[in-house]
Amino acid sequence: MESFGKVKILVAAYGALSAAVLATVAVLAIGGQTVTSFMWGRSAGVLASAAVTYWLTVLAARGARWAYLRVRVISIVMPVAIVAVDMIPGICPMWFATMQAVCALPIAAVGFVVNGSSLRAAFPAVDRVRNQRRSSAG
């Protein structure tokens with residue numbers, strides 16, 4: 001499945017950008033700048049979600065439908081969650097919200113790929129598969 005090659009690259013970019021955000025927070029903290037527990041937790045959480053999403057993408061590329069469905073959900077929920085939470089006034093500095101929004105771009109792009117018709121066709125719903133088997137057996 002060629003589309004999963006694109007998805008892996010996009011998820012890796014999501015992970016690299018997430019790591020850059022966490023590294024920026026760490027450098028600022030080491031330099032004596034104010035960083036909040038929200039920034040630490042958010043940065044680490046987004047990076048962890050990138051690692052899990054990559055693992056799920058690898059499993060989906062091998063044919064695991066359950067992993068594919070989770071990648072579909074994550075690719076829709078994460079960009080919305082990242083941007084929506086950072087829009088809450090006063091929750092984080094603008095530079096942090098901007099870095100997080102940039103981080104959300106590749107995972108949003110994943111949503112378009114994994115929810116496209118070619119990958120959806122590669123992972124048909126279980127009921128459709130059962131019905132096709134029954135109709136061909138009869």
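**Entry 1: the cysteines**

I looked up Cys 103 in this predicted model and noted a relative accessibility of 0%. Buried means under 20% relative accessible area, so I recorded Cys 103 as buried. I then turned to Cys 92, which has 14% relative accessibility and therefore also counts as buried. I next asked how many disulfides the structure holds. I found 0 disulfides. For my own reference, I noted that a disulfide is a covalent bond between the sulfur atoms of two cysteines.

**Entry 2: helices α2 and α4**

I examined helix α2, residues 37–61, together with helix α4, residues 94–114. Their axes come within 12 Å and cross at roughly 10°.

I then asked which residues of α2 meet α4. On the α2 side I listed Phe 38, Met 39, Arg 42, Ser 43, Val 46 and Thr 53. On the α4 side I listed Trp 95, Phe 96, Gln 100, Cys 103 and Ile 107. I sorted the residues of this contact into 7 nonpolar, 3 polar and 1 charged. Cys 103, recorded above as buried, is one of the α4 residues in the contact.

**Entry 3: Ser 49**

I returned to helix α2 to look up Ser 49, which has its place there. Is Ser 49 buried or exposed? Its relative accessibility is 15%, so I recorded Ser 49 as buried. Leaving aside residues up to four places away in sequence, I found that Ser 49 touches Tyr 14 and Met 78.

Definitions and conventions:
Residues numbered from 1 in each chain as written. Predicted model: local features only at pLDDT ≥ 70, side-chain atom pairs only at ≥ 80, totals over all residues. Heavy atoms only, no water. Disulfide = S-S within 2.5 Å. Buried < 20%, exposed > 50% of the residue type's maximum accessible area, 1.4 Å probe, protein only. Axes fitted to C-alpha atoms, helices over the stretch in contact; angles between N-to-C directions. Helix = DSSP H or I, 4+ residues; strand = E, 2+ residues; numbered from the N terminus. Contact = heavy atoms within 4.5 Å. Nonpolar A, V, L, I, M, F, W, Y, C, P; charged D, E, K, R; others polar.
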